[in-house]
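Here is a short briefing on a structure.

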Amino acid sequence: MITLQINGEKHAIDVAPEMPLLWAIRDIIGLTGTKYGCGIGVCGSCKILLDDSPVQSCMIPVTAAEGKNITTIEGQSKNLQLLQNSWEELNVPQCGFCQPGQLIAATALLDKNENPTDEDIDEAMIGNICRCGTYQRIRKAIHRTVKLKNQS
Amino acid sequence: MKSIKNISRRSFVKSIGLASGGLILACNTSVFSDKEKAPENLINFNPNLFVQINSDGSVILIASRSEMGNGVRTSLPSVIADEMEADWSKITVQQAVGDKKYGDQNTDGSRSIRYLYEPMRKMGAIAKAMLIAAAAQKWEVPAAECSVENHFIIHTSGKKIGFGDLVEIAKTLEIPSDTNLTYKDPKDFKYIGKHLKGVDVAAYANGSAIFGLDKRLSNMKFVAIARCPVAFGTVKSFDKTRALKVAGVLDVIEIPRIEKPFGALGGVAVIATNTWAAFKGKEALKVDWDFGDNKVYDSEKYMSQITENVHKLGKVGKDIGNINNAFKKAAKTIESTFQLPHLAHAPMEVPNAVAWVKDDTCEVWAPTQDPQSARKEVTDYLETSEDKVTINVTFLGGGFGRKSKPDYVVEAVIVSKAINAPVQVVWTREDDIKHGYFHTISAQYLKASFDKNGKVTGWLHRFALPSIVSTFQPGVDFAAGFEISSAANVPFDIENLKVEVGQAPAHVRIGWLRSVINIPHGFSINVFADELAHATNKDPLEFRLNLIGNDRIEDTNDPIKYDTARLKNVLKIAAKNADWGKQLPEGHAYGLAVHYSFYSYVASVVEVSMKNNKVKVHNVYSVIDCGTVVNKNTVTAQMEGAAIFGMQLAYYGKITAKNGAIEQNNYNDYKMIRINEIPQVHVEIVESTEKPTGVGEPGVPVIAPAIINAIFKLTGKRYYNLPLSDYDLV
């Protein structure tokens, strides 16, 4: 048995130790907000926060997440909720499929950097592909979130 | 919950062209597929297939088309809501299952608003008329004394009543005839033509939106399928020993190829308790394939062959004037050859489907652009009748044309039937890149002649590309009419014009990809026109406007008219927005392109720089004239996205085949544009009261040629072939 702590909740699961975290989250635990996009760690759709670091969950085995706090798109974190609000207000998503990964990457960015520049955003978000091409709005939504935070 | 029977509705729904011949069952218009979702203890009123008003005032509007980022679940209902003066905050959008009673549901060809704008307004107008009639009856006043405003019917005396309170009376009324319907003056629109936020953005942002890949059923098995690397190859034999040893793998079975355009490719299916085990089991399989005839396919050699074919006479697609004469008499001629590779759709969500064949019924949950086509394929495979097959449409994580081809749905049904359990078939990204319906590979040859005054007197466009028709009629090896028209309808005022097609047999499944044939034709025409401008030392903008010539309606043999004034208008606005002709920073240059497709007019000016021999696109100024706009937010978003989609095919889009097998694998070698590469996209939408036309696709074809034209301006070097990664420029 492997125990995962996801969004503050503990889940004991019986899976092969090498199963990528992504599939444990999606198929075993049933949280489907975290997406499969490439399976080789190049698209960012499966990003989750592992103790506050953005990680492509398709690339790490479940055992590497044991004893750590996992935050998925369904989870709570101040920056995540603020960003989700900006995503809605600026109507960022088109098909929406990559957006959980985008939001997790953006959350990790704002957790570390309170005033990111466009270059900082590029660096933090370069691992996340959006086939619909919503990048311009993603950038704008991150800036909006920062602006609202700074105002309050 | 009982729906209302009102047989008179049948003729009504038919009369507006939504029934496409199918019988409307008046007792079966309930929108709820499962009971728990139905509001309790509510009386409801269904004036038509698309509207349900409940006694608590809540309104359910049906989206009959698929949501894949096109914003259709917002735009279509907003048209109904606006016309019936419903309060947008009281509306829930419900996705229709695949059923002919909804009319054409194929979310493809940039058609949703174009086809459904008028019918949706009518749906709203009917609901409105019946609510007014209900209020008039309740108050015993003439209907003419009642008006409608924001979910209330208001009498001239000042009294008002909410929609919900009229449901009981409204449901007893007859459907009004067409002549009794009134439509809003467009100046009174509240939602149409405005920036309406998407109804699903919150669900997308919090991860609760259920895509096909997210559908779960109890006891559902996960399935991965090994398909032959070569198109239409078959299984000779396979060894499942190692696959069965993978923890979680339950079974391995062979599945047949279904020889239909949207049939399954066939192969070996690995059934497991989770997706990862299915993927691992598939990797562990040993399959001996009979590759079949397509193993000869080498796309590099093939490109040489079709290039030869465009350098000799082809079949005539269009012939106006006398091109040979024009060339003979020319003061100058210019010719160029263009080569564009296959492309893959690569939507973020891979093809996948959940199917459950249970007794004599089958239920499917799938991200499909065309649920009726899926229903037909499943019905055919199961040799049953359509009423036994339910196709639920989930959110689509991108479509771009890939998900209008339901081969993956058929696969899921085959496996579910074979193992008698609900299954989810999931394609790996590698499967998606290697086994899709590829955008065609093309060679094009263009030649133009000038007279001594620099006027273009002749235009020859010869192209060879495997046709989409080859997917439907194996053996077809010339482009079809719809693939010729975007070259034949070139809107240039040239006396002698000829379009020819060369031979090009298909060796992979050819399918349509966002903007389809307009990709090769929009590219070659726009790059070549720019080349002609430079050859005569003309400004490309001025040259192009002159080449389009006088304002006129082009003879395109189509009910929607091609108006060259609108074409020039978008180009002029794009140039104005970019301040064409202004001094740009050192090392920057503009390029332009303009193209008509899906009945819409689009122009883009792009600003490009080159640094260390690498291209950077800084700004894209795009303008679209798509007639009446329903949701400006959606149109703007589609144009922004189209710029990125166009950049991807310009930068990286290239699928190649060797020994019949696709060489690319995943997003690592079939690259996408990333955030560090994006330009600022500035979109202007032309204000228009013309009929609505396409939005999803027309923004794509102009981007690549505009980039190439800017690179030429900057470097003096003309790139005729894509992608730019082949030249190490990106």
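Chain B of this predicted model holds 19 helices and 29 strands. The points below take its overall dimensions, then a helix of chain A, then a helix pair in chain B.

**Chain B overall**
- Chain B has a radius of gyration of 27 Å, which agrees with the value near 27 Å for a compact globule of 730 residues.
- Along the principal axes, its C-alpha atoms fill a box of roughly 80 × 70 × 45 Å.
- Buried residues make up 56% of the 730 in chain B.
- Of the contacts in chain B between residues at least 6 apart in sequence, 78% link residues at least 24 apart.

**Helix α3 of chain A**
- α3(A) covers residues 99-112. Its 14 residues reach 20 Å from first C-alpha to last, close to the 20 Å expected at 1.5 Å a residue.
- The rest of the structure largely encloses α3(A), because 12 of its 14 residues are buried.
- Among the buried residues are A:Q99, A:L103, A:I104 and A:L110.
- In chain A, the buried residues of α3(A) pack against β3, β4, α2, α4 and α5. They also pack against α5 (201-206) of chain B.

**Helix pair α15 and α19 of chain B**
- α15(B) spans residues 518-535 and α19(B) spans residues 703-715.
- The two helices pack at about 25°, with axes 8 Å apart. The angle therefore makes α15(B) roughly parallel to α19(B).
- The crossing of α15(B) past α19(B) is right-handed.
- α15(B) contributes B:G522, B:F523, B:N526, B:V527 and B:D530. These meet B:A704, B:P705, B:I708, B:N709 and B:F712 of α19(B).

Methods:
Residues numbered from 1 in each chain as written. Chains lettered and ligands numbered in written order. Predicted model: local features only at pLDDT ≥ 70, side-chain atom pairs only at ≥ 80, totals over all residues. Helix = DSSP H or I, 4+ residues; strand = E, 2+ residues; numbered from the N terminus. Rg over C-alpha atoms; globule rule 2.2 N^0.38 Å. Buried ≥ 20, exposed ≤ 12 C-beta atoms within 10 Å, placed from the backbone. Contact = placed C-beta atoms within 7 Å. Expected span 1.5 Å × (residues − 1). Axes fitted to C-alpha atoms, helices over the stretch in contact; angles between N-to-C directions. Parallel < 35°, antiparallel > 145°, perpendicular 65-115°, else oblique. Left-handed = near helix turned anticlockwise from the far one by under 90°.
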